[in-house]
Amino acid sequence: MNKRQWTLLISAGLIAAILGIGLSSFKHRTTEAKDQAVELFLKEELKGPDGAIHATKEWRNKILVLNFWASWCPPCVEEMPTLAKTYSLYKDKNVLFVGIGVDSPSNIRQFLEKTPINYPITVNPIEGVNWAKNMGNPSGGLPFTVLVDEKGVIKKTKLGKISEDELKSWLDSAILPSK
């Protein structure tokens, strides 16, 4: 190859890399939540995988960690033990975790038989994606975690697997002002 061909090859590679990084960050970005997204969510009738209704009015005035997930999503499944463990540490501090399954009820039931979870799980395959989009996840990617303060204001969002340290940091900063 001559010098010109090498230059073209390197230039094409750089352009492809820049476009790939740009498109990836666009696809995996979060945006500002729509006004009233949490309020509209808390007016919904939410069902568990067993068909039981969750009374969302009881979730008001609590710090909420909303986790959008599916049983077919490896990072979702990987982070669930972390969520359950962290919920155990914070549940007595006016904190409630809610898993919003964007999966079929049968898949979620099968998953929960193998992996018991200590916080409420709801099944909302279509609505869940729309709620996530309204709360700042335009791509609908999973997992997606949202921290809502006691006043119903979204304070943090994370698209992708959340770590225990990150989640604890979120919750500590949400609890401190209310002490």
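The following questions and answers concern the predicted model of a protein chain.

Local features in this predicted model need pLDDT of at least 70 and side-chain atom pairs count only at pLDDT 80 or more, while totals for chains, interfaces and linings use all residues. Residues are numbered from 1 along each chain as its sequence is written, and side-chain values use heavy atoms, with hydrogens and water left out.

Reader: In what order do the elements of the protein chain run from the N terminus on?

Author: Helices (H or I, at least four residues) and strands (E, at least two) are DSSP runs, numbered from the N terminus. The protein chain has six helices and seven strands. From the N terminus on, the order is α-α-β-β-β-α-β-α-β-α-β-β-α.

Reader: What percentage of the 179 residues in the protein chain is buried?

Author: A residue is buried under 20% relative accessible area, exposed over 50% and partly exposed in between (1.4 Å probe, protein chains only). Of the 179 residues in the protein chain, the buried share is 37%.

Reader: Which residue in E7 is the bridge partner of Val148?

Author: Two strands pair if DSSP finds at least two bridges between them. E6 pairs with strand E3 (residues 63-69) in the antiparallel sense over five bridges, and Asn67 stands opposite Thr145. E6 is also joined by five bridges to strand E7 (residues 154-159), again running antiparallel. The E7 partner of Val148 is Ile154.

Reader: Which residue in the hairpin of E6 and E7 takes a positive phi?

Author: The hairpin has five residues between its strands. A phi near 85° is found there at Gly152.

Reader: How many residues apart in sequence are the parts tied together by the pair of Phe68 and Phe144?

Author: Rings of Phe, Tyr and Trp (its six-membered ring) pair if their centres lie within 6.5 Å; planes under 30 degrees apart count as stacked, over 60 as edge-to-face and the rest as tilted. By this rule there are seven aromatic pairs, and the pair of Phe68 and Phe144 is tilted, at 5.9 Å centre to centre with 35° between the planes. Phe68 lies in strand E3 and Phe144 in strand E6, so the pair ties together parts whose separation in sequence is 76 residues.

Reader: Which residues does Tyr119 touch, not counting residues up to four places away in sequence?

Author: Tyr119 forms a tilted aromatic pair with Phe97, 5.9 Å centre to centre and 55° between the planes. Phe97 lies in strand E4 (residues 95-101) and Tyr119 in the loop between helix H4 (105-114) and strand E5 (121-123), so the pair ties together parts 22 residues apart in sequence. Both Phe97 and Tyr119 are buried. With contact meaning heavy atoms within 4.5 Å, Tyr119 touches Met80, Leu83, Ala84, Tyr87, Phe97, Val98 and Gly99.

Reader: Which residues have the most contacts inside the largest nonpolar core?

Author: A nonpolar core is a set of buried Ala, Val, Leu, Ile, Met, Phe, Trp, Tyr and Cys residues joined through side-chain atoms within 4.5 Å. The largest such core has 47 residues. Those with the most contacts inside it are Phe41, Leu66, Phe68, Phe97, Tyr119, Met135 and Leu171.

Reader: With which residues is Thr86 in contact, leaving aside its neighbours within four places in sequence?

Author: Thr86 is found in helix H3 (residues 74-90). The residue is buried, with a relative accessible area of 0%. Its contacts are Phe97, Glu164, Leu167, Lys168 and Leu171.

Reader: Where is the peptide bond that is cis, with omega near -10°?

Author: Most residues other than glycine have a negative phi, and most peptide bonds are trans. Pro143 is found in the loop between helix H5 (125-134) and E6. The cis bond runs from Leu142 to Pro143.

Reader: Is Asn61 buried or exposed, and at what relative accessible area?

Author: Asn61 lies in the loop between strand E2 (53-54) and E3. Its phi is near 65°, a positive value in a residue other than glycine. Asn61 is exposed, with a relative accessible area of 58%.
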